[in-house]
Amino acid sequence: MAIPDPIQQGIKKGWQVVNGLKITKPSVFEADVVIIGTGAGGGIAAEILSNAGLTVLMVEEGLLRSSNDFNMDEHIAYAELYQEGGGRSTKDGAITIMQGKAVGGTTVVNWTSCFHTPDTTLQFWQDQFSVTGITAETLAPWYQYIEKRLNIGSWDVPPNPNNAVLKAGCEKLGYQVASIPRNVKGCWNLGYCGTGCPTNAKQSMLVTTIPTALNNNATLLYASVAQRFNWQQDRINHLICYPLKQANGVLNKQAPITIKAKHYLLAAGAIGSPAILLRSNVPDPYRRIGQRTFLHPVTMSAAQMSEEIAGYAGAPQSIYSDHFQWPDDDSMGFKLEVPPLQPVLASVLMKKTGDELHQRMLKLPYTQVLLALLRDGFHPESQGGRVVLRNDGSPVLDYPLTPYIWRAVKKSLLVMAEIQFAAGAKQVFPAHIDSTLTSNWLEVKAHINNLDLVTYKTLLGSAHVMGGCGMGEKPYNSVVNSESRFHYFDNLSILDGSVFPTSVGANPQLSIYALSALQSSRLASELKS
């Protein structure tokens, strides 16, 4: 039975979809609102603003791919759907960053985990950055709206064995553990959320809000990179984009695209949005643009189990633990989850090469992996990184790793190993280049305490980039105000994870959805009045 492809059906129906790869001469577009980026922030905004009767133009640097293209092939997916072909990393190469790049943004390739912004995080933003009006109470109706719109709810299917290990280990040790709400509808439980959902079960922006916006006569311009704003005094006059000459990212600078709008909405993500502002040389008297960019740095621990795990199948993330998220002392907390274990991804997580990697990959069906999301941005020794521009204008994140973060790395590796042995692991090895197989808790504890925890030897990754255009009421420590409006322009809003003053302390997609819904609705009312 063929699975309907809503994108291809819509294009045949006459949607206004423009492929930048086919633009060969200078062109001009106009709209009430231009939205730069079609991920969690931009996708929600496009639906709400077009529902209000405004003309909307969506600009996306990535390619348009849909369910007919998603065939569970990691090689193709990482090359086509991720920033820098899946090879994005921090400036020093120490932290790999998995970030989406396609129509629908990271929502196309994330693992469907949905959490409210923790109350402690919201309170920190109020106390430290004077954020106003962003509370659990004000966000509550927007969570309800989004949860209904994207079918977010409890996952009632038993966790796959990879997740079940986290649950069993935490229960054995008396640690808090719970199920993760997911944004899926009719999920086939394939496990390949990270390579694009071939059944359209994942309720990403690609199959929900973007089709609605296009049905409302919005225009989608993809394979086109927003370069810079042309501005004067306190207003943007127009936006300059370049279409791609080739799918690999080469720009066609002979065919600039000029976009004129009443309002400009930046939603290019927590590296992309600061980069556009930096390239535009917009006012920034306190040099805040690109500062305080956060990653939820991720550590991992692998285990060999007696029973088959098959971590490449089934819902990739369905169990979490916040037992170590908010410690009583000032140490860095972390959230525990599991990653999916498709072969290409798993081979990277092993942090091994040659025959040693070969031997561990042979045992992949019996391999279980835990991950820890380190909660950065809440301590003087965790101030995040800074987005800077390379000579060609492309962005890169310079993210320093402090002793404070390294102490959390060690603690997370110890906790994960303890949980894995408590769940029945035969052997455990932390994701570190010098790790060896250990057979019990005391052995792995001594092993981790002796590991040289430094960059390049220790596996560090990220799938959650946040900050860089932080929110607050005081321009000296923020880029946008509490309504996500740029401090120095009347007609520029920023609606993506870049406005978070710290990391969220949870997978951020639902936080971005709810904030975008709140701010887009305000903007729609303003522009319609």
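View 1. Phenylalanine 378, in contrast, is buried at 17%. Together, tryptophan 326 and phenylalanine 378 make an edge-to-face aromatic pair, with 6.1 Å from centre to centre and 90 degrees between the planes. For the cut-offs: rings of Phe, Tyr and Trp (its six-membered ring) pair if their centres lie within 6.5 Å, and planes under 30 degrees apart count as stacked, over 60 as edge-to-face and the rest as tilted. Tryptophan 326 sits in the loop between β14 (319–320) and β15 (334–337), and phenylalanine 378 in the loop between β16 (367–374) and β17 (386–389), so the pair ties together parts 52 residues apart in sequence. Helices (H or I, at least four residues) and strands (E, at least two) are DSSP runs, numbered from the N terminus.

**View 2. Charges over rings.** Phenylalanine 378 turns up again here: the charged end of arginine 375 sits over its ring, 4.7 Å from the centre. Elsewhere, lysine 335 lies over the face of phenylalanine 115, at 4.0 Å from the ring centre. To count, NZ of Lys or CZ of Arg has to be within 6 Å of the ring centre and within 35 degrees of the ring normal.

**View 3. Tryptophan 231 and phenylalanine 489.** A search of the whole structure turns up 12 aromatic pairs. In one of them, the rings of tryptophan 231 and phenylalanine 489 have centres 5.5 Å apart and planes at 45 degrees, so this pair is tilted. It links distant parts of the chain, 258 residues apart: tryptophan 231 is in strand β9 (residues 224–232), and phenylalanine 489 is in the loop between β21 (466–467) and β22 (492–494). Which of the two is buried? Phenylalanine 489 is, at 3% relative accessibility, while tryptophan 231 is partly exposed at 30%. Ring pairs also join Trp231, Phe486, Tyr488 and Phe489 into a cluster.

**Notes for the views.** Residues are numbered from 1 along each chain as its sequence is written, and side-chain values use heavy atoms, with hydrogens and water left out. Because this is a predicted model, local features need pLDDT of at least 70 and side-chain atom pairs count only at pLDDT 80 or more, whereas totals for chains, interfaces and linings use all residues.

Definitions and conventions: Buried < 20%, exposed > 50% of the residue type's maximum accessible area, 1.4 Å probe, protein only.
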